[in-house]
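Please read these notes with the model open beside you. They take up a few features in turn, and each point can be checked against the atoms.

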Amino acid sequence: MKHLILAFLLGLSTTAHAETIHFVTEEYPPYNFSTASGANGASVEQVALIMKAVDLPYDIEVLPWARAFALAESQPFHCVFTTGHDAERDRKFKWIEPLLVDHMIMVRRKGAAIAPQTIDDAKEFVVGTQREDFSAAYLKTHGFEKVDYATNLDSTMKKLAAGRIDLLMTSEKTFETMRADGIPVEAALVLEGKQYGIACHKDVPDETVARMQAELDRLIANGTQDRIFARYGLRPNRIEQAAK
């Protein structure tokens, strides 16, 4: 009996002292966005299901992207999503993925006479993105010099509509959502496929990351992820096109 009581108390102690995982994200519908009742979106729903399954305390906060990214990079038990996975970011975080697999795309105003055929052609134009966004790193790596930075996607979209920038870089799924919402934009240049996920500070225990990954794998395998995408008018992930 004493052993049973001790085991029970140890179990309570472990639960009581479980670290809260702090998820940070940005205004980037339909994946993550604010509502009156809190964060919502296709990626937010996946995070909530993962954390419910692993039974760990967590919270989600919507912030400007640069701040969210910096918190996950510097603060213990912080994770940022929906985060593009590339070589530069790979070593900075522990990853749970894919929340999303998608092509990147450069978008123009509807009717604009801007038609780059290659990445080098696109360098002639002013391209809008967000600070610390995956697309910002892509543009830097590929030698773009005419880059306009904003704090969020909405600001970049307003600049595109006003003619202050020539192109907007985003994911293909987000572009499809823009068109469905009646935003007057057109595809200008489709780029390669990329994988997006949850990027966690390196002090998050490997066991926790493994449990989260196993649950995301389950959501993908049983079709839950695709059903979430369908509710937001998104295509299913094309896993075979992922490229880290």
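**Notes on the model**

1. A search of the whole structure turns up one disulfide, a term used here for a pair of cysteine sulfur atoms within 2.5 Å. In general, a disulfide is a covalent bond between the sulfur atoms of two cysteines. This is a predicted model, in which local features need pLDDT of at least 70 and side-chain atom pairs count only at pLDDT 80 or more, while totals for chains, interfaces and linings use all residues. Residues are numbered from 1 along each chain as its sequence is written, and side-chain values use heavy atoms, with hydrogens and water left out.

2. The disulfide joins C79 to C200, with an S to S distance of 2.1 Å, and because the torsion about the S-S bond is about 105 degrees, the disulfide is right-handed. C79 lies in strand 5 (residues 78-84) and C200 in strand 10 (residues 185-200), so the pair ties together parts that are 121 residues apart in sequence. Helices (H or I, at least four residues) and strands (E, at least two) are DSSP runs, numbered from the N terminus. C79 counts as buried, at 0% relative accessibility, and C200 is likewise buried, with a relative accessible area of 0%; buried means under 20% relative accessible area, exposed over 50%, and partly exposed in between (1.4 Å probe, protein chains only).

3. How do helix 2 and helix 9 pack? Helix 2 (residues 42-54) and helix 9 (residues 206-221) meet at an angle of about 120 degrees, with their axes 9 Å apart, where axes are lines fitted to C-alpha atoms, for helices over the stretch in contact, and angles run from 0 to 180 degrees between N-to-C directions. The two helices are therefore oblique to each other, since angles under 35 degrees count as roughly parallel, over 145 as roughly antiparallel, 65 to 115 as roughly perpendicular and the rest as oblique. Q46, L49, I50, M51, A53 and V54 in helix 2 meet R211, M212, E215, L216 and L219 in helix 9, contact meaning heavy atoms within 4.5 Å.

4. P116 is placed in the loop between strand 6 (94-109) and helix 5 (119-122), and at 3% relative accessibility P116 counts as buried. Leaving aside residues up to four places away in sequence, P116 touches D121, A122, F125, L167, A188 and L189.

5. In helix 8 (residues 172-180), the buried residues are E172, K173, T174, F175, T177 and M178. Just after helix 8, G182 takes a positive phi of about 85 degrees.
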